[in-house]
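Subject: The structure we talked about

Hi,

Here is the structure I promised to pass on to you. Have a look at it first, and then read my notes below.

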Amino acid sequence: LPIDFEGDVTIENFEDFDGGTADVVDNPDPDGINLSAEVGVIVRDGGATWSGSKIALSENLDFSEHTVITMKVYTTAPAGTPVKLKLEGALPFTEVDAFTTTSAEWETLEFVFVGTGDHLNELVFMFDFGTVGDGSENSTFYFDDIEQVAGPPAPIPASLPLDFESGTVSSDFLDF
């Protein structure tokens, strides 16, 4: 990382699965936060509710300092559409969901991977997870500028007994 589709990733780098088809195309809306010429796109057409595509990285991701992956996304699907970013490689795999907040404009989604090990080297993109795509405009998802950035630190493991008398730090808890 980073991946910006300006010659660093081509269609040959994608591995499609279960009804998702990826490509590298011209930016459908070079405006706002994304003026790039080329972007990635995944069209979901039939198949499974988890259809998508993945990219293998040349090295494992390291989350010791940079615990967030960001990605610009453009779709005409309704705001609130789920986007699942799954990391694969050696077991165990991990995944994080984000949700779009707009439609028909670029936005940046954040995926927080606090506490994730350094054994993963595949980015798996599953847009509108849980729904079977129909190949329409609302089943088409453009994405760009995938980066690993600083985020919250990994939680500090607690020791037992836990009595809450010494004060607590919010980062000691992981919400789910």
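What follows is a short tour of the contacts and backbone features that came up. Please keep in mind that this is a predicted model.

**Aromatic rings**

Let me begin with the rings. Nine aromatic pairs turn up in the structure. One of them is formed by Phe5 and Phe143: the ring centres are 5.5 Å apart and the planes stand at 90 degrees, so this pair is edge-to-face. Phe5 sits in the segment before strand 1 (14-17), while Phe143 belongs to strand 11 (residues 140-149), so the contact ties together parts that are 138 residues apart in sequence.

Phe5, Phe14, Phe125, Phe127, Phe141 and Phe143 are linked into a cluster by ring pairs.

**Strand pairing**

Finally, strand 3 and strand 10 (residues 133-134) form an antiparallel pair over two bridges. In that pairing, Asp45 has Asp134 of strand 10 as its bridge partner.

**Salt bridges**

Searching the whole structure gives six salt bridges. In one of them, Glu88 meets Lys54 with an N to O distance of 3.2 Å. That pair connects distant parts of the chain, since Glu88 is in strand 6 (residues 82-89) and Lys54 in strand 4 (residues 52-56), 34 residues apart. Glu88 and Lys54 are both buried.

Lys54 has another partner: its side chain forms a salt bridge with Glu122 at 3.3 Å, N to O. Glu122 lies in strand 9 (residues 120-127) and Lys54 in strand 4, so this link spans distant parts of the chain, 68 residues apart. Why does Lys54 count as buried? Its relative accessible area is 16%, and the cut-off for buried is under 20%. Taken together, Lys54, Lys86, Glu88 and Glu122 form a network of linked salt bridges.

A further salt bridge joins Lys84 and Asp97, at 2.8 Å from N to O. Lys84 is in strand 6 and Asp97 in strand 7 (residues 94-99), 13 residues apart, and the pair links distant parts of the chain. The two ends have their own descriptions: Lys84 counts as buried at 5% relative accessibility, whereas Asp97 is partly exposed, with a relative accessible area of 39%. Lys84 has a ring contact as well, lying over the face of Phe129 at 4.5 Å from the ring centre.

**Backbone features**

Now a few spots to check along the backbone. Most residues other than glycine have a negative phi, and most peptide bonds are trans. Where are the cis peptide bonds to look at? One joins Leu1 and Pro2, with omega at about 10 degrees, and Pro2 is found in the segment before strand 1. Another runs from Leu91 to Pro92, with omega near 0 degrees. Pro92 is located in the loop between strand 6 and strand 7.

As for positive phi values, Ala104 has a phi near 65 degrees although it is not a glycine. Ala104 sits in the loop between strand 7 and strand 8 (107-112), and it counts as partly exposed at 40% relative accessibility. Asp128, also not a glycine, has a positive phi of about 50 degrees. Asp128 lies in the loop between strand 9 and strand 10 and is buried, with a relative accessible area of 13%.

Best wishes

Key. Residues numbered from 1 in each chain as written. Predicted model: local features only at pLDDT ≥ 70, side-chain atom pairs only at ≥ 80, totals over all residues. Heavy atoms only, no water. Phe/Tyr/Trp six-rings, centres within 6.5 Å; stacked < 30°, edge-to-face > 60°. Helix = DSSP H or I, 4+ residues; strand = E, 2+ residues; numbered from the N terminus. Lys NZ or Arg CZ within 6 Å of the ring centre and 35° of its normal. Pairing = 2+ DSSP bridges. Salt bridge = Lys/Arg side-chain N within 4 Å of Asp/Glu carboxyl O. Buried < 20%, exposed > 50% of the residue type's maximum accessible area, 1.4 Å probe, protein only.
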